[in-house]
Amino acid sequence: MKELTKAEEEIMQVLWDLDSAFVKEIIQKLPEPKPAYNTVSTIVRILQQKGFVGHESHGKSHKYHPLITKDSYTKSFMKGFVKRYFSGSYQQMVSFFTKEDNLSLSELEELLKELKDKDS
């Protein structure tokens, strides 16, 4: 799966939240300063070409919807992130964030519990 640019990810976050939307609705959910209509429309078409977004025709307008779930993109992104920055080691990643973010023992235990629950 291709990785999203920052602008593409921002649009996808809106589509994941709304489930489907016209370009005008996407723009309404974006933070200030609002990008131009043509900018958002272009990014949505790029997302469509990449296979992230589909559309329904409504006359001359299109209503866009995600073709990939947020969860599946997150999993793919995290695998690539861990591979690039932590040599593929989730242990190194957790160790890094434990040191950098001062994770408490209870937070670390909760993380381990969640990982064990997913393995079951």
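## Helix packing

Let's start with two helices: α1 and α3 pack at an angle of about 90°, with their axes 10 Å apart. Axes here are lines fitted to C-alpha atoms over the stretch in contact, with angles running from 0 to 180 degrees between N-to-C directions. Because angles of 65 to 115 degrees count as roughly perpendicular, α1 is roughly perpendicular to α3.

Where they meet, Ala7, Glu8, Ile11 and Met12 in α1 face Val40, Ile43, Val44, Ile46 and Leu47 in α3, contact meaning heavy atoms within 4.5 Å. By class, this contact has eight nonpolar, no polar and one charged residues.

## About the model

This is a predicted model, in which local features need pLDDT of at least 70 and side-chain atom pairs count only at pLDDT 80 or more, while totals for chains, interfaces and linings use all residues. Residues are numbered from 1 along each chain, and side-chain values use heavy atoms, leaving out hydrogens and water.

Leaving aside residues up to four places away in sequence, Ile26 touches Ile11, Val14, Leu15, Ala21, Val40 and Val44.

## The hairpin

Strands β1 (residues 53-58) and β2 (residues 61-66) pair in the antiparallel sense over six bridges; pairing takes at least two DSSP bridges. Val53 has Pro66 as its bridge partner in β2. Two residues separate the strands of this hairpin, and Gly59 in the turn has a positive phi of about 65°.

Conventions:
Helices (H or I, at least four residues) and strands (E, at least two) are DSSP runs, numbered from the N terminus. Angles under 35 degrees count as roughly parallel, over 145 as roughly antiparallel, 65 to 115 as roughly perpendicular and the rest as oblique. Ala, Val, Leu, Ile, Met, Phe, Trp, Tyr, Cys and Pro count as nonpolar, Asp, Glu, Lys and Arg as charged, and the others, Gly among them, as polar.
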